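Open your viewer and get the selection tool ready. We will take a short walk through one model, stop by stop.

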Amino acid sequence: MTSLLIKGARILGGAAADVYVDGGTITEIGSVDTKADRTVDAEGLVLLPGLVDLHTHLREPGREDAETVLTGSRAAALGGYTAVLAMANTSPVTDTAEAAERVHDLGRAAGLVDVQPVGAVTKGLAGEELAELGLMARSRAKVRVFSDDGRCVADARVMRRALEYVKAFGGVISQHSQDPALAGPTACCHEGELSGRLGLPGWPGVAEEVIVARDVMLARHTGSRVHVAHVSTAGSVEVIRWAKAQGIAVTAEVTPHHLLLTTDLLAGYDPTFKVNPPLRPDEDVEALREALADGTIDAVATDHAPHARHDKEHAFVDAAFGMLGLETALGVVSTVMVGSGRMDWAGVARAMSTAPARIAGLDGAAPDGAGGHGRQIAVGAPANLTLVDPSATWVVDRAESASLSRNNPWHDRKLTGRVHATFLRGVPTVLEGALVR
Ligand SMILES: [Zn+2]
């Protein structure tokens, strides 16, 4: 393995230092004169632990026309990620050990980020019978996060069973909180004045909040861990804040789009902005920013959801839910949270690396030498690292993406803060903002 010297990077936005990496591990930090096989000039750049995404849809197997593990891995590396969790709603669904191992192995073969499969909670995401949770946990993929994402585990008894089951091996249930009785499958616009005016089926915030409230009580009852995926309302934030104060084992994520985009974007019926849960009004967005800054919301997760053109280009009601996010997440968080002074780079490292790695159990070393994500940038730690240019201002162009899909809600938007380089265990996957291979 080769050696790497990162010269003059501001670690977590603090003082500049040189970081020397040998054999994939950080061996020296400070003023380093040792010669390395590769030297990266990082003057003015911020060094973060490699980003970890708790919520990515890679679409393989089943919809390789929209994304594959390889193309999604490329998008992830360009976005500064060293690990992503691949959601289970593929075709077939990741609800067996074999299916999980297949996604895991495709990720290792792509070799750009550690792809960690999320297992389904229920067979076929049908919400009825528990999937092979234990077998997936014991498989080579070592699944720890389980989710029926795209659908809510609506049955309280099934959710209770799942929480009890995963407790034994330190697993966590990531819930897509959407009470189907309050927000059915066609609900696609935040319920309010606008949904009425546009004539779109309403998706009221309370449909999320009642599930979050129920699940934190089930987590308390079972002593198990629940993770709230894509929190989108101020009411959910209130519940999570209360639950954390009680010592309940709940964690939560927010997406970049819920931190910046608002429901009024739907006025033009552009399906690019159709996402589940839907974009919300300003007061929810404000509550989400505040909750991310104060740690009530632990992590930023992309919910990267690539869709082929023919699935998105429909009348709004019929178009697929979801938007791209891997390549723009850091820029959005930097613009919204750092640019406004609400968060510093240490906060970004916590929300986009340390916390998600801990929630997913990716901070330790995996048997095959992978893992070690979200660790402190210190001697002895694996060199999963991201270099960010904090002052780079760029305009997002949907044509320039490693993803196979183009449903990019950030097209034409100006962002400040851009990923410059990404290193997976000391090996550069991205340099100067471009893929190395
Ligand atoms: Zn979801």
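**Stop 1: the two domains**

Begin with the whole chain: the centres of domain 1 and domain 2, taken over C-alpha atoms, are 25 Å apart. Colour 4-46 + 378-435 as domain 1 and 48-360 as domain 2; these bounds come from an automatic or database domain assignment. What you see is a predicted model, in which local features need pLDDT of at least 70, side-chain atom pairs count only at pLDDT 80 or more, and totals for chains, interfaces and linings use all residues. Residues are numbered from 1 along each chain as its sequence is written.

Now select where the domains meet. Domain 1 gives 29 residues to the contact and domain 2 gives 44, two residues being in contact if their C-beta atoms, placed from the backbone, lie within 7 Å. On the domain 1 side, β17 (414-424) supplies the largest share, seven residues. Helices (H or I, at least four residues) and strands (E, at least two) are DSSP runs, numbered from the N terminus.

**Stop 2: strand β5 and L47**

Next, select residues 46-49, which form strand β5. V46 and L48 point one way, L47 and P49 the other, and all are buried (20 or more other C-beta atoms within 10 Å of the residue's own, with C-beta atoms placed from the backbone). Which strands pair with β5? Strand β1 (residues 3-11) does so in the parallel sense over two bridges, and β16 (residues 385-395) runs antiparallel to β5, joined by four bridges; pairing requires that DSSP finds at least two bridges. Look for I11, whose bridge partner in β5 is L47, and for V46, which stands opposite V388 in β16.

Stay on L47 and show its neighbours: among those it touches are I6, V19, A42, I377 and L385, leaving aside residues up to four places away in sequence.

**Stop 3: the core**

L47, F146 and L288 have the most contacts inside the largest nonpolar core, which has 133 residues. Such a core is a set of buried Ala, Val, Leu, Ile, Met, Phe, Trp, Tyr and Cys residues joined through C-beta atoms within 7 Å. Select helix α12 (residues 345-360) to see the largest share of this core, nine residues. At least three core residues come from each of domain 1 and domain 2.

**Stop 4: helix α2**

Finally, select residues 97-110, helix α2. Its buried residues are A97, A99, A100, V103, H104, L106 and G107, and they pack against α1 (69-78), β7 (81-86), β8 (114-117) and α3 (133-138).

Definitions and conventions: The expected span of a helix is 1.5 Å times one less than its number of residues. A residue is buried if 20 or more other C-beta atoms lie within 10 Å of its own, exposed if 12 or fewer, and partly exposed in between; C-beta atoms are placed from the backbone.
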